[in-house]
Amino acid sequence: MLQKVDIHLTDHCNLNCKGCTHFSPLAEKFFLDIDDFERDLTRLSELSKGDVGEMFLLGGEPLLHPEIVDFFPIARNLFPNTKLVVITNGILLPQQDERFWKACKRYNIQLWVSDYTLNIDYKSAEAKAREHGVFLGYTSVAKDEQNRKLWTKYKLDLEGKQYWVNSFRRCAIKNCATLKKGKLYTCCTLAHIEHFNKYFGTNLEISEFDYVDIYKADSWESVLNAMVKPVPFCRYCKPGEFERCFWEPSKKEISEWS
Ligand code: SF4
Ligand code: SF4
């Protein structure tokens with residue numbers, strides 16, 4: 001089984017977190033087209049026969065997508081037994097309308113809020129979720145106030161000189177499959193590096209060996225095998241050099257990621 005697949009509904013965000021592992025502070029405005037979403041999910045459903053444990057709809061900030069509610073029935077119909085989760089920073093939750101809350105309930109969509117212990121109205125969102133019988137949880141696993149504010153800065157090797165197998169072995173975010181434009185990547189770094197490259201004018205290169213094209217894959221087994229193996233792009237990652245620091249806004253400097 002594929003334990004989890006991530007899909008960006010937007011690439012941009014209404015928060016600006018230092019070292020964001022999805023490169024959202026660097027991304028231009030992007031809203032996923034609903035027809036592209038349906039096409040890719042239909043193919044994924046055919047290939048996997050629904051053998052996907054969890055599907056995370058995220059970004060960026062997914063609640064910025066004006067049609068977010070229309071994505072829910074498509075995902076639920078094609079993946080009736082998959083846990084469907086919207087990952088959000090929560091800023092826009094209190095202002096969601098009845099249609100949103102009813103759709104979450106109807107299509108069994110869970111809400112997971114990334115709690116950065118910022119001045120965000122989590123209580124109103126919790127009340128709305130309770131009122132509509134929608135599950136709302138938090139992605140923070142830290143135990144105390146101080147630790148909740150800790151942020152993990154991700155480190156890249158811009159020259160790609162790491163031994164890719166070692167990088168993969170030590171990587172904490174491997175096997176977080178990401179589906180984007182018909183391709184399945186092992187992690188969010190690979191899938192969204194285009195924003196980093198474009199913003200800083202770098203060329204951290206993605207080759208055809210770094211992803212699986214779901215339209216060309218001949219079996220689900222071959223996809224599953226690819227998702228648990230290192231890829232050449234891992235040479236750009238220094239998983240041993242994750243840096244823990246207090247949350248702060250991104251200044252969009254390359255040193256935040258390298
Ligand atoms: S809220 Fe999440 S997606 Fe948005 S900038 Fe922060 S870490 Fe990135
Ligand atoms: S490219 Fe490889 S090492 Fe880097 S984050 Fe992805 S899986 Fe981990």
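**Note on the predicted model**

1. Strand 7 and strand 8 form a hairpin with 2 residues between them, and Lys-181 in the turn has a positive phi of about 50°. The structure under discussion is a predicted model.

2. The turn residue deserves a separate remark. Lys-181 belongs to the loop between strand 7 and strand 8, and its phi near 50° is a positive value in a residue other than glycine. Is Lys-181 buried or exposed? Lys-181 is exposed, because 10 other C-beta atoms lie within 10 Å, and the exposed class takes in residues with 12 or fewer.

3. Strand 7 spans residues 177-180; Ala-177 and Leu-179 point one way from it, Thr-178 and Lys-180 point the other way, and all are buried. Strand 7 also pairs with strand 1 (residues 2-8), in the parallel sense and over 2 bridges. In this pairing Val-5 has Ala-177 as its bridge partner in strand 7.

4. These strands belong to an open sheet of 8 strands, with the order 5-4-3-2-1-7-8-9 and mixed pairing. Strand 5 (136-138) and strand 9 (211-213) stand at the edges; each has a single partner strand, so one side of each is left without a neighbour in the sheet. From one strand to the next, the twist averages 30°.

5. Elsewhere in the sheet, strand 3 (residues 83-88) and strand 4 (residues 109-113) pair in the parallel sense, with 5 bridges between them. Val-86 stands opposite Leu-111 in strand 4.

6. The largest nonpolar core holds 64 residues, and Ala-177 and Leu-184 are those with the most contacts inside it. The element that gives the most to this core is helix 7 (residues 188-200), with 5 residues. In soluble globular proteins, nonpolar side chains tend to be buried together. Which residues are in contact with Leu-184, leaving aside its neighbours within four places in sequence? They are Ala-177, Leu-179, Tyr-211, Val-212, Ile-214, Val-223 and Met-227. Two of these partners, Ala-177 and Leu-179, point one way from strand 7.

7. Ligand 1 is surrounded by 13 residues, of which Cys-13, Leu-15, Cys-17, Cys-20 and Asn-89 are the closest. By residue class, the shell around ligand 1 divides into 5 nonpolar, 7 polar and 1 charged.

8. Ligand 2 is also surrounded by 13 residues, the closest being Cys-171, Lys-174, Cys-187, Cys-234 and Cys-237. Helix 6 (164-170) and helix 7 are the elements that give two or more residues to the shell around ligand 2. That shell divides into 9 nonpolar, 3 polar and 1 charged.

9. Helix 7 also contains Phe-200. Phe-200 is partly exposed, since 16 other C-beta atoms lie within 10 Å, whereas a buried residue would need 20 or more. Phe-200 and Trp-247 are 47 residues apart along the chain, and their C-alpha atoms are separated by 22 Å.

10. Arg-76 is placed in helix 2 (residues 68-78). With 18 C-beta neighbours inside 10 Å, Arg-76 counts as partly exposed. Not counting residues up to four places away in sequence, Arg-76 touches Leu-84, Tyr-107 and Asn-108. Arg-76 and Thr-189 are 113 residues apart in sequence, with 27 Å between them in space, C-alpha to C-alpha.

11. Which residues does a cis peptide bond join? The bond is between Gly-59 and Gly-60, and its omega is about 25°. Gly-60 lies in the loop between strand 2 (52-58) and helix 2. The other feature concerns Lys-252, whose phi near 60° is a positive value in a residue other than glycine. Lys-252 is in the segment after strand 10 (243-246), and is partly exposed, with 13 other C-beta atoms within 10 Å.

Methods
Residues numbered from 1 in each chain as written. Chains lettered and ligands numbered in written order. Predicted model: local features only at pLDDT ≥ 70, side-chain atom pairs only at ≥ 80, totals over all residues. Near = placed C-beta within 6 Å. Nonpolar A, V, L, I, M, F, W, Y, C, P; charged D, E, K, R; others polar. Core = buried A, V, L, I, M, F, W, Y, C linked by C-beta atoms within 7 Å. Helix = DSSP H or I, 4+ residues; strand = E, 2+ residues; numbered from the N terminus. Contact = placed C-beta atoms within 7 Å. Pairing = 2+ DSSP bridges. Axes fitted to C-alpha atoms, helices over the stretch in contact; angles between N-to-C directions.
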